[in-house]
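Subject: Structure handover

Hello,

I am passing this structure on to you. Please open it and keep it beside these notes.

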Amino acid sequence: LLVAHLLLHGAGSGVTGEPAAHGGATVLAARAMTEGTARHDAVALIEASERLGAELSADAGWDSFGVSVDVPRSRLAPALALLAEVALEPSFPADEVERLREERLNDLLQAQAEPRRRVERAFAAALYAPEAAYQRSMGGSEDTVPGLTRDVLVARHAALMRPSKATILIAGDLSGID
């Protein structure tokens, strides 16, 4: 099994680089990337990865944004093509963006009832200056998430996808692979 990871890193490459008014856009964009591409809708993308025995994922952190694929080594080349498609051509289907946004809003409602999550939020607010990105929740807030439209995610993705900030990591048994 091999793991290939396209990682965008450095200043502005994650949640810290998003505008405060669009808090949560980076995380939501990562979640929505695997919901369809220019060539595959969500179901076709899942089927394409399953035919390869691969698992696609995308994630965002404070200072990074990435897309990964776990795949048997014999199918590395087509899996890398699928990884590139997800990274470079996500379609951000409006209905999927809306579903993911609603899930996040429900999660925020649940967080209000969980003492641990309320403490985490209060701790970050006490520790960091109000304008610091680290003071905000990575997934956005009740004020910002409703405004995270498909267009906002497309713009955030375009801002993140910079070759100068990209690294491709491939791990596993690469013997015999050129």
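At what angle do the axes of helix 4 and helix 5 cross, and within what distance do they come? They cross at roughly 95° and come within 7 Å. That makes helix 4 roughly perpendicular to helix 5.

First, the ground rules. This is a predicted model: local features need pLDDT of at least 70, side-chain atom pairs count only at pLDDT 80 or more, and totals for chains, interfaces and linings use all residues. Residues are numbered from 1 along each chain as its sequence is written, and side-chain values use heavy atoms, with hydrogens and water left out.

Some terms. Helices are DSSP runs of H or I with at least four residues, numbered from the N terminus. Axes are lines fitted to C-alpha atoms over the stretch in contact, and angles run from 0 to 180 degrees between N-to-C directions. Under 35 degrees is roughly parallel, over 145 roughly antiparallel, 65 to 115 roughly perpendicular, and the rest oblique. Contact means heavy atoms within 4.5 Å.

Helix 4 with helix 5
Arg104, Asp107, Leu108, Ala111 and Gln112 of helix 4 touch Arg117, Arg118 and Arg121 of helix 5. By class, that is 2 nonpolar, 1 polar and 5 charged residues. (Ala, Val, Leu, Ile, Met, Phe, Trp, Tyr, Cys and Pro count as nonpolar; Asp, Glu, Lys and Arg as charged; the others, Gly among them, as polar.)

Helix 1 with helix 4
Helix 1 spans residues 25-33 and helix 4 spans 94-112. Their axes lie 10 Å apart, at an angle of about 130°. The two helices are therefore oblique to each other. Leu28, Arg31 and Ala32 of helix 1 meet Val97, Leu100, Arg101 and Glu103 of helix 4. This contact has 4 nonpolar, no polar and 3 charged residues.

Helix 1 with helix 6
Helix 6 covers residues 150-160. Its axis is 9 Å from that of helix 1, at about 95°. Helix 1 and helix 6 are therefore roughly perpendicular. Helix 1 brings Ala25, Thr26, Leu28, Ala29, Ala32 and Met33 to this contact; helix 6 brings Val152, Leu153, Arg156, His157 and Leu160.

Leu105
Leu105 lies in helix 4. Beyond its neighbours within four places in sequence, Leu105 is in contact with Val145 and Pro146.
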